[in-house]
Amino acid sequence: MGILSQLVSIARRRSPWFFHLNTGGCNGCDIELKACLSPRYDLEQAGILLVGSPRHADVLCVTGPVTLATRGALAAVYNQMPEPKAVVAIGSCPATCDVFAGSPAIAGPLAHILPVTVYVPGCPPRPNDIVKGVERAVRSLAGKEKDNK
Amino acid sequence: MNIGKSLLALFVLPGLLYTVPMAWLMLWIERKMRARMQGRIGPFFYQPFFDFVKLMAKRPIPRSPFDTLWMIGLPVSAIGALLASMALLPVFSTSGGFIGDLVLLIGLIEVPSLCAVLAGFASRSIFGQVGATREAILSITNNVPFLTAIVALAVSANSIRLTDVALVPSGAVRALVVLTLLVCLPVKLRINPFSLSNAEQEIYAGPTTEFDGPRLALWELAHGLEWVVLTGIVACIALPFRTGSWMGDIVLFTLLSLITVIMITIIAAATARLKISLANHFYLKWGMGMAVLALIVAVLGNVV
């Protein structure tokens, strides 16, 4: 590996920017995700930033089961993100649809629509686990970890 | 100013070689201080550099050749204008310059703002267009006191040459002008309390919403260079003397620039975003008040 690709790999690991998308959840995971940005957890010390546009993001953090109404928006947001990119499924809803499973308004778990890089289980997961999940996704971006599932 | 000296100023000192690392340092100081004031730890000093490298290494979404051209051309124009303005700054006692370089500098530091407005409108994103509109409105209101303050200094020095203007001995005019420039900086740098044009989350990312990968990296670099140039203008005007040696001059210039960065970061971290009507009102009342007072003092000083 050349010096340049090593530098890029380090930069990807040290500077993950994430975009948050709620695809129909109850807001529990969203509150825990926002807690990660607070002084207690402070994601920015690891270089992690919440960005407003999916075009700026490296990691897509999805909360909630994917509803029929949000499926199109989810695909549009994912396609707007430049490569390399990763998807982190936060909470039980994107993994299994949780209590919403079987509802006629649900399009299915996230894995049926997008390739998921990391699952962060919990209902809702703790902020510490979310931070670890984003960091694992970032390591996969940097080519350090092949399989994070 | 001969061609060799000009190229040295553009690419070495105070140009590219000095400006780019200083831009990343200033971006870090701003983020770190904001984090510390909010009770967070904040990023490490290498963060803006790694952000830039990461964005440059991303593979952007394919676009039409014309879109690619303007999406790269606009930030590159902004970077070029900022590097040229940096080369014009009278950092050293031997800077020299030429008659009228003050007018050229004022023109050049407006280029990034103009490019941001064009980028926002051309992106055809509603958030980009809202950001561009805000940038254009604020730029006009902000430039009235900014230019009046510069004119006051030029009147006081009776010259439109940067070296004369920077070294004019009039203390009262200088103090008022520096204060006005400091008040104008948050709009030009798009930070609180006047961060309306790129109001993060509220309108996504303003004019740069549609920019991705290397195109965004160029905007981030242009933003860092704006920090260096605009704080550099304050640093050049703040003191009416130079040390005599190039080493002493650059150290003094850097220290004053960093003090300016710290001052406006404290203001940014301690304030919330204002509405556009309040921002306009503030500049037309307080900014313009100080700038007109400086102009009156300068004219009276020349008459007496």
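Visitor: In which sense do strand 1 and strand 3 of chain A pair?
Guide: In this predicted model, strand 1 (residues 17–22) and strand 3 (residues 59–63) of chain A pair in the parallel sense, over five bridges.

Visitor: And what stands opposite A:N22?
Guide: That's A:T63, in strand 3 of chain A.

Visitor: What's the strand order in the open sheet?
Guide: The order is 2-1-3-5-7 in chain A, five strands with parallel pairing. Strand 2 (49–50) and strand 7 (118–120) of chain A are at the edges with a single partner strand each, so each has one side without a neighbour in the sheet.

Visitor: Which strands does helix 2 of chain A touch?
Guide: Helix 2 (residues 28–35) of chain A packs on the sheet against strand 1, strand 3 and strand 5 (86–90) of chain A. Helix 5 (residues 127–141) of chain A lies across strand 1, strand 3, strand 5 and strand 7 of chain A.

Visitor: Switching to chain B: at what angle do helix 5 and helix 6 of chain B pack?
Guide: About 170°, with their axes 8 Å apart. That makes helix 5 of chain B roughly antiparallel to helix 6 of chain B.

Visitor: Is helix 9 of chain B mostly covered or mostly uncovered?
Guide: Mostly covered: 24 of the 26 residues in helix 9 of chain B are buried.

Technical notes
Residues are numbered from 1 along each chain as its sequence is written. Chains are lettered from A and ligands numbered from 1 in the order in which they are written. This is a predicted model: local features need pLDDT of at least 70, side-chain atom pairs count only at pLDDT 80 or more; totals for chains, interfaces and linings use all residues. Axes are lines fitted to C-alpha atoms, for helices over the stretch in contact, and angles run from 0 to 180 degrees between N-to-C directions. Helices (H or I, at least four residues) and strands (E, at least two) are DSSP runs, numbered from the N terminus. Angles under 35 degrees count as roughly parallel, over 145 as roughly antiparallel, 65 to 115 as roughly perpendicular and the rest as oblique. A residue is buried if 20 or more other C-beta atoms lie within 10 Å of its own, exposed if 12 or fewer, and partly exposed in between; C-beta atoms are placed from the backbone. Two strands pair if DSSP finds at least two bridges between them. Two residues are in contact if their C-beta atoms, placed from the backbone, lie within 7 Å.
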